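Please read it alongside the sequence and the coordinates.

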Amino acid sequence: MISALSWVPKGAAKAIPDRAKLPSKEEIEKLEESCEFYSEDEEEETDDEEENGEVAHAKAIAKEFGKSSKSKNASSSSSSMEVDEVADGLKELDMDNYDEEDDGIEIFSSGLGDLYYASNEMDPYLKNNDDDGDDSDDDSTILPTDSMIICARTDDKIKSPINCLDIYVCEETSNGSPNIYSHQEILLPKPPMCTAWLDCPLKGGEKGNFVAVGLYKTHAIEIWDLDIMRELLPCVQLGGKKKGKYREGSHTKSVIGLAWNKEFRNILASGSVDKQVKVWDVATETCQITMEHHTKGVQSVAWNHYAPEVLLSGSFDRTVVLKDVRKPSHSGFKWSVISKVESLAWDPHSEHSFLVSLKDGTVKGFDVRQASTSTSDSNPSFTLQHGRKAVTSVSYNVSAPNLLATGSTDQSVKLWDLSNNEPSCIATHRPNAGRLFSIAFSTDNPFLLAMGGLMGKLKVWDTLSDTNVSSRYGSRQVRP
């Protein structure tokens, strides 16, 4: 399934990404330490896993580099079995009589002696003699007009489950329909729960291209460099354990909500099953603020677009809380809702408006100017009913004010016109992705909507292909 997705804007990625280097001794030790950390987490939270996440991770890494994975703790009987299998294979090949084969016609031979040629020009099997030795893959090159999509995916329908980040390139075409293809896959030790793209220049320069990931049944946030292909380790880990003890400021249960601050680019907010909301400085890898204003797990966090110090958090305790992180001890403002919170979103066209989607299939809009320091009893600005099942994800269109997309576990996406706080459904789409868990409009191509769900397949909908949408919002518009 695809549990979360994020867009990477045009121009953020390197044109030609770097290739990961073989890990150093220190990095191998760090990987081993990471494996111990994930093993400890698993022992604390469950006892019936068939295979530890670090084992699956090691196997995936071994496959990536074309090497076999062998456990350091394998029993002698297992080793003997492997040796016997190799011996049987050699016997079948009859290597002792390798040079005693009958002379005869070599079916695939040119008759000129195929083992050695003085130069490539003389080799009849090398058709392309213009090879300059560059082994770069054409699919690795990112154009300035390309955007990217990050999909947090888990495939547990196979013997060895795959947990990864799938990175896709969204390429513009002359006919307006995007060409989407796979760019790379980043292997993860545990199922990813949430993602947030960030351009904090963690490695110097003026910008970066990174993704933060919260993993299932772990306490850490991993940050990966998207400009490196086939990397084995995250470049930053926030929180987690070291030698059996929590790092200072760490969450103590799974991180299920993340939000990057676009104004203060080194700042990341997180929400966790441990009921806490934290604010991190990713540059120093430290937790700056911890807030405990919820009584159950925190599913979603969101920074205000106009007042970047203002943070929303939504919880399974059926409340939404607004805090100014400059005054974290202040009680903030609180709204009660009638169902568990699934997601939050600030209106990009209004600094005072936000909405919350709920497990009961509704979405409610609120105006912060009507809030009070106690639990707010004010009525929402509007309520829309997507259906009877959870609305797991919402996305505002950055180009068209009042255009909202909602995605649900009823397997449908709906587009709404919110004009005058009177929502009207203008389009319904069933992308054949199963129960939907994440949707997001592109900021560069604002009428492209990415969708991910239970089937684990990325879907992208050109919403202008719907006649109702195109008649309201005209031809294709791209935000400058």
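**Note on side-chain contacts**

1. A search of the whole structure returns zero disulfides, a disulfide being a pair of cysteine sulfur atoms within 2.5 Å. Cys200 is in no disulfide, and the nearest cysteine sulfur, that of Cys235, is 9.7 Å away. Cys200 has 6% relative accessibility and therefore counts as buried; Cys194, at 6% relative accessibility, is buried too. Here buried means under 20% relative accessible area, exposed means over 50%, and partly exposed lies in between (1.4 Å probe, protein chains only).

2. On provenance: this is a predicted model, in which local features need pLDDT of at least 70 and side-chain atom pairs count only at pLDDT 80 or more, while totals for chains, interfaces and linings use all residues. Residues are numbered from 1 along each chain as its sequence is written, and side-chain values use heavy atoms, with hydrogens and water left out.

3. The structure holds six aromatic pairs. Rings of Phe, Tyr and Trp (its six-membered ring) pair if their centres lie within 6.5 Å; planes under 30 degrees apart count as stacked, over 60 as edge-to-face and the rest as tilted. One of the pairs is Trp197 with Trp260, edge-to-face at 5.6 Å centre to centre and 80 degrees between the planes. Trp197 belongs to strand S6 (residues 192-198) and Trp260 to strand S13 (residues 255-260), so this pair ties together parts that are 63 residues apart in sequence. Both Trp197 and Trp260 are buried. Strands (E, at least two residues) and helices (H or I, at least four) are DSSP runs, numbered from the N terminus.

4. The pair of Phe354 and Phe366 is stacked, because the ring centres are 5.6 Å apart and the planes stand at 25 degrees. Phe354 lies in strand S22 (residues 353-358) and Phe366 in strand S23 (residues 362-367), so the pair ties together parts that are twelve residues apart in sequence. Phe354 is buried, with a relative accessible area of 1%, and Phe366 is buried with 5%. Ring pairs link Trp335, Trp346, Phe354 and Phe366 into a cluster.

5. Strand S22 also contains Leu355, which is buried at 0% relative accessibility. The C-alpha atoms of Leu355 and Val394, 39 residues apart along the chain, are separated by 8.8 Å. Met451, in strand S31, is buried with a relative accessible area of 1%.

6. The charged end of Lys241 sits over the ring of Tyr246, 4.9 Å from its centre, and Lys340 lies over the face of Phe316, at 6.0 Å from the ring centre. The criterion is NZ of Lys or CZ of Arg within 6 Å of the ring centre and within 35 degrees of the ring normal.

7. How many salt bridges does the structure hold? There are ten, each a side-chain nitrogen of Lys or Arg within 4 Å of a carboxyl oxygen of Asp or Glu. Among them is Glu172 with Lys10, the closest N and O atoms being 2.2 Å apart. Glu172 lies in the loop between strand S4 (162-171) and strand S5 (179-187), and Lys10 in the loop between strand S1 (2-8) and strand S2 (18-19), so the pair ties together parts that are 162 residues apart in sequence. Glu172 is partly exposed at 36%, and Lys10 is partly exposed at 26%.

8. Asp444, in the loop between strand S30 (436-441) and strand S31 (448-453), is buried yet has no salt bridge; the nearest side chain of opposite charge, Lys10, is 5.5 Å away.

9. Glu185 and Arg153 meet in a salt bridge (3.2 Å, N to O). Glu185 is in strand S5 and Arg153 in strand S3 (residues 147-155), 32 residues apart. Glu185 is partly exposed at 35% relative accessibility, whereas Arg153 is buried at 14%. A network of salt bridges links Arg153, Asp166 and Glu185.

10. Lys203 forms a salt bridge with Asp225, the closest N and O atoms being 2.8 Å apart. Lys203 is exposed at 52% relative accessibility, whereas Asp225 is buried at 10%.

Notes: Lys and Arg count as positive and Asp and Glu as negative; His and the chain ends are not counted.
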